[in-house]
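Me: I have a protein to look at and would like to go through it step by step. Could you walk me through what can be said about it?

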Amino acid sequence: MAPELSSFEARRRANVVNNAKLLKDSAEHAAKMRRAAAPRPKPAPSKKRKVPEPAPRTRVMATRQSARLAGAGNETSDDGIKLDDIPAELKPPAPKRIRKSGDLQLSNLQVEGQRWSSTGALASFVQGAQPGVRTFTEDDISDTADQKLMNLRREMNDLNLYGGWAPNDIKITPERVYALTFHPIQDKPIILAGDKKGTLGFFDASQNTPTESEEEEDNVPLPQVGAFEVHSRTISSIKVPAFDPNSVITSSYDSSIRCLDLQSQVSSQLWQPDDDDEDLGITCIDMSPESKDTIIFSTLEGSLGRLDRRAKGKAEMWSLCEQKIGGFSLNPLLPHLVATASLDRSLKVWDLRMIKGKGELRLPSLLGEHQSRLSVSHASWSRGGYLATSSYDDTVKIYDMTEAIKWKPSKDLLKEEINPVHKIPHNNQTGRWVTILKPQWQTNPADGVEKFAIANMNRFVDIYDSEGKQLAQLDGDGITAVPAVAEFHPTSNWVAGGTGSGKLCLWM
């Protein structure tokens, strides 16, 4: 039996254990301090790897092979397990398809196989102008069976481009032409044009032209053109009434209608909104010989107004369409009938003899409406009762309304009465830099043939009759732009067209 330790011995042994523990803790603490103070080893410089040049991308075409011989549906892994039995999350990822970049030529990307071998599949989608490519040729005239129609076609195609100056030398306005008309005088062709900045230009085609000696010396004088800033914004319409040839009435997007007196050379304001801050752009004006003091006008807001010049600037307004009325016209012999063409794709016929309602609901009587696939740009009424429209569905439509004289104010046009009788395929995609194409009838043709002019995006002017038959396609040397704003002289077979750069083309 071990002897009991004295109290002194027990305390001594306890001190030995405590001291050993203190030494151990101190050593660990010192080791930590040494590691913290030691500088971090610098990482070894990485060796630059040489980037291999990318291999040129080649399109790998799949080859046809038998699915049975290739073992389709029996694919197995290296362990003999069918791949169809492996869960989707455990299957190896499919190889990533490389994105195509750069310009791609479709002829190099054709899919193999007879069913996809057609190279002309995109031909029907190609749109746009083809400058100089005729759509009405001498063969069309020669193949005409009707002798009377053939003679008329030859007569209209014999119209020649004005030879006094080249079209590029006759700059009738500084900016793009938006509106154009002939003065009704029959002695000489006088053309008036309005541009996008509000300038009204005049050109007299009877002025003296350059002599041969001046042309040989390359010192050709420029034609005399008058231009006046009568509006502050786009001139949208110009009218010179046959019953008042000394007055030139113009409308503009600056919300005003003005009258220029050619004798006094003073431009007077006929109408503007009562509120000077109101912006009510005017898109078109028309007037009738039977109501010499009445002017009908349309607006960008879809409204139609009637102005009596004797009422000192007061106009009656009707909200006819939810969107812009691009153009309208009065029936020349029945001026109470109005045809409007709108951005809402509609052609509407109204009767001003019956106006009902109160306030904003006060409207003329709507006789009928025809919807096109896309917006309708303009509606033009001929003296004989035919209505021509142009629209962005690439058609010119002709409506037969020769029975309008029998219509009552409450008439409800049947579907067949408001449907077009002729649809003429016509490229009307003008884009941003060409003024919208609009058909314009000859108001009182001396030859008795009702016909209208409309520009062609291939830089021609097309002439059609009331049956939708093309009579001519006017062209000439030196025409470098689309004569988008085309118009007939009221009686003579003279045609003028204004371009996007303010140049004038004239056929006589």
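**Walking through the model**

Reply: The protein has 5 helices and 27 strands, where helices (H or I, at least four residues) and strands (E, at least two) are DSSP runs numbered from the N terminus. This is a predicted model, in which local features need pLDDT of at least 70 and side-chain atom pairs count only at pLDDT 80 or more, while totals for chains, interfaces and linings use all residues. Residues are numbered from 1 along each chain as its sequence is written, and side-chain values use heavy atoms, with hydrogens and water left out.

Me: ok, and how much of the protein counts as buried?

Reply: Of its 508 residues, 41% count as buried; buried means under 20% relative accessible area, exposed means over 50%, and partly exposed lies in between, with a 1.4 Å probe and protein chains only. The protein exposes about 31,000 Å², and carbon and sulfur atoms supply 50% of that area, which is computed by the Shrake-Rupley method with a 1.4 Å probe.

Me: Switching to sheets: in what order do the strands of the open sheet with β17 come?

Reply: The order is β17-β18-β19-β20, an open sheet of 4 strands with antiparallel pairing, and two strands count as paired if DSSP finds at least two bridges between them. In general, strands of a sheet pair through backbone hydrogen bonds, either parallel or antiparallel.

Me: which strands stand at the edges?

Reply: β17 (376–381) and β20 (422–425) do, and each has a single partner strand, so one side of each is left without a neighbour in the sheet. Neighbouring strands of this sheet are turned by 15° against each other on average, direction ignored, using axes that are lines fitted to C-alpha atoms, for helices over the stretch in contact, with angles that run from 0 to 180 degrees between N-to-C directions.

Me: and how many bridges are there between β17 and β18?

Reply: β17 and β18 (residues 386–391) pair over 5 bridges in the antiparallel sense, and Ala-379 has Thr-389 in β18 as its bridge partner.

Me: New topic, how many salt bridges does the structure hold?

Reply: It holds 17 salt bridges, a salt bridge being a side-chain nitrogen of Lys or Arg within 4 Å of a carboxyl oxygen of Asp or Glu. One of them joins the side chains of Arg-233 and Asp-279, at 3.4 Å from N to O. This pair links distant parts of the chain, 46 residues apart, with Arg-233 in the loop between β4 (225–229) and β5 (235–239) and Asp-279 in the loop between β8 (266–271) and β9 (282–288).

Me: what relative accessibility does Arg-233 have?

Reply: Arg-233 has 36% and therefore counts as partly exposed, and Asp-279, with a relative accessible area of 48%, is partly exposed as well.

Me: Which residue forms a salt bridge with Glu-403?

Reply: That is Lys-406, with the closest N and O atoms 2.9 Å apart. Glu-403 is partly exposed at 42% relative accessibility, whereas Lys-406 is exposed at 63%.

Me: Last one: is Ser-255 buried or exposed?

Reply: Ser-255 counts as buried, because its relative accessibility is 3%. Ser-255 lies in the loop between β6 (247–252) and β7 (257–261), and has a positive phi of about 70° although it is not a glycine. Asp-394, in the loop between β18 and β19 (395–400), is another residue other than glycine with a positive phi, near 60°, and at 21% relative accessibility Asp-394 counts as partly exposed.
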